[in-house]
Amino acid sequence: MTAIPVFEGFGLGLRPPHFNEFLEQGDLVDFVEVISENFMVPGGRPLYVLDKVRERYPVAMHGVSMSIGSADGVKLDYLRRLKALADRVNPLWVSDHLCWTGVEGFNSHDLLPMPYTEEAMDLISANIARAQDVLERPILMENASTYLTFADDQMTEWAFISEMCRRTGCYLLLDVNNIYVSGTNHGFDMDAYLAGIPEDRVRQMHLAGHSQGRELLIDTHDEPVPDPVWALYKKAIERFGPLASMIERDDNIPPLADLLAELDVARQKASDWTRAA
Amino acid sequence: MSLLDTQRGFRDHILAGTDAPLPGAPERGLAVYRHAYRAQLVASLRDTFEKTWAWLGDEAFDKAARHHVEAHAPKSWTLNEYGADFVQTLRALYPDDAEVAELAWLDWSLRRAFDGPDADAIKPEALAEVDWDRAVLIFVPTLTMGEIVTNSAAIWGALAEEKAPPAAQRLAAPATVRIWRSGLTPKYRTIENFEQRALILAMAGSSFADLCSLLVEGGDINKAAHDVGAVLAGWLQDGLIRAVRTP
């Protein structure tokens with residue numbers, strides 16, 4: 001399976017309030033990320049916008065419904081639809097989350113947590129292999145924010161991810177905010193997490209904001225990237241280099257100019273690292 | 001416990017929506033997932049049924065949406081399909097306010113037209129050489145129709161233009177609304193009974209000549225041909241026809 005080359009740049013998620021600006025200007029960012037499912041539709045304005053944006057920008061496809069951790073396997077009809085979109089877009093890469101969203105016909109439309117067990121490792125490795133076969137390309141898996149861990153976990157999340165990469169050849173989308181949210185919620189060592197991620201598999205990084213829930217941090221994507229996440233991002237680029245980095249904003253979406261200014265902070269962190277290196 | 005059993009237990013826990021313990025998983029985290037599941041689906045219904053939401057207001061809409069969520073677990077990988085049964089839910093919840101379910105039908109159908117299959121409409125000049133005795137019209141795939149008994153179309157239109165909607169009232173007689181997409185824009189139009197009958201026949205594959213003979217009233221075939229011609233002109237104008245086939 002073809003290797004995914006490194007792409008260094010700074011991007012944003014393509015969201016409807018900003019469609020027109022991305023249609024009119026071709027130099028706002030280095031790449032855009034689209035939510036795959038929003039464009040897995042028969043036709044109309046979404047695909048029109050995507051085709052036009054694709055003429056101007058490299059596009060990363062990011063999904064939320066692959067449910068790679070479902071114990072009853074990945075869904076072929078979904079994968080075939082995803083492949084059709086990928087063939088149309090010719091994206092930088094296709095990513096989804098290390099999670100499950102449903103089982104036996106139920107779909108929660110939420111990113112549900114995996115137990116980190118040997119059985120789950122066998123299952124997810126088989127599912128990723130199947131997905132990569134159907135998609136005819138390696139995929140990126142993203143670490144999800146989680147709000148619980150299972151009593152029968154047999155390994156850390158980063159050990160699970162590392163072994164998953166070794167077995168399947170998949171790549172990683174490292175969500176720095178999700179590491180921070182899960183690390184705070186579960187009290188794990190975030191430096192150990194970064195150190196445990198295989199250095200050569202990361203191709204993209206997500207940055208986002210979160211909210212303080214009653215007892216846990218919640219991955220809400222409705223706030224600017226907070227300082228602790230920027231600090232962790234700085235450590236991440238020290239380890240993985242200035243890979244394709246982007247800010248996710250899905251709620252309380254500000255004007256595009258605000259997000260571009262926030263993205264400049266990421267550029268600054270990366271240039272600091274480049275100069276230091 | 002096997003992974004499948006773990007996931008079945010998790011699913012059942014989310015669907016039950018109570019804080020009954022789930023072995024091996026702490027309650028404070030489970031509560032987040034129970035809440036997120038419902039909040040996501042209610043938000044999805046708000047997004048799809050935007051004008052119905054505006055008509056009912058936050059409290060009444062969310063109450064109906066939460067009722068729907070408890071009775072309808074999503075089965076598809078796409079949230080686009082969630083809410084297909086919401087019209088029926090609203091019809092049951094508002095039996096004396098028919099405009100509520102009708103607004104929901106308009107919201108749903110227009111959303112389906114929004115990202116439905118592409119098809120270019122033909123231009124009027126393409127009809128110059130058509131053999132009208134045999135011609136069969138092929139319509140754009142987003143075209144659909146529904147019956148309304150209230151002024152829901154007028155309410156929907158006012159809400160779309162962010163104007164004060166008229167009070168709901170029953171129509172003197174049921175009417176038909178056709179919905180389709182023209183270019184990238186979903187559209188709707190309330191149509192007369194004659195056009196509705198013509199459209200049903202044409203969509204079922206009747207030729208133009210058959211339409212005229214089937215819709216003739218009082219034995220005046222020339223008037224029928226004139227009236228069908230006028231309807232056809234409207235369909236062309238609205239971009240409803242994607243091809244004319246001569247079998």
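Predicted model: local features only at pLDDT ≥ 70, side-chain atom pairs only at ≥ 80, totals over all residues.
Helices, of at least four residues, and strands, of at least two, are DSSP runs numbered from the N terminus.

Figure 1. Chain A contains nine helices and twelve strands. Its radius of gyration is 18 Å, close to the 19 Å that the globule rule gives for 277 residues, so chain A is as compact as a globular protein of that length. Along the principal axes, the C-alpha atoms of chain A fill a box of roughly 50 × 45 × 40 Å.

**Figure 2. Crossing of helices α6 and α8 in chain A.** Two packed helices are described by the angle between their axes and the distance between the axes. Here, helix α6 (residues 176-186) of chain A and helix α8 (residues 227-240) of chain A have axes that come within 9 Å and cross at roughly 120°. The crossing of α6(A) past α8(A) is right-handed. On the α6(A) side, the contact is made by A:Val176, A:Asn177, A:Ile179 and A:Tyr180; their partners in α8(A) are A:Pro228, A:Val229, A:Leu232, A:Tyr233 and A:Ala236. Eight residues of this contact are nonpolar and one is polar, while no charged residue takes part.

**Figure 3. Contact between chain A and chain B.** Chain A contributes 36 residues to the contact, and chain B contributes 36 residues. On the side of chain A that touches chain B, the elements giving two or more residues are α2 (45-56), β5 (100-103), β6 (106-112) and α4 (118-135) of chain A. Of these, β6(A) gives the most, with six residues. By class, the side of chain A that touches chain B comprises 20 nonpolar, eight polar and eight charged residues. For the model, the scores are ipTM 0.95 and pTM 0.95.

**Figure 4. Chain B and its two domains.** Chain B is divided into domain 1 (3-96) and domain 2 (114-245). The centres of domain 1 of chain B and domain 2 of chain B, taken over C-alpha atoms, are separated by 36 Å. Ten helices and five strands are present in chain B. The radius of gyration of chain B is 23 Å, whereas a compact globule of 247 residues would have a value near 18 Å. Taken along the principal axes, the box filled by the C-alpha atoms of chain B is roughly 75 × 45 × 30 Å. The average pLDDT of chain B is 94, and 100% of the residues score at least 70.

Definitions and conventions: Residues numbered from 1 in each chain as written. Chains lettered and ligands numbered in written order. Contact = placed C-beta atoms within 7 Å. Nonpolar A, V, L, I, M, F, W, Y, C, P; charged D, E, K, R; others polar. Axes fitted to C-alpha atoms, helices over the stretch in contact; angles between N-to-C directions. Left-handed = near helix turned anticlockwise from the far one by under 90°. Domains from an automatic or database assignment. pLDDT = per-residue confidence, 0-100. Rg over C-alpha atoms; globule rule 2.2 N^0.38 Å.
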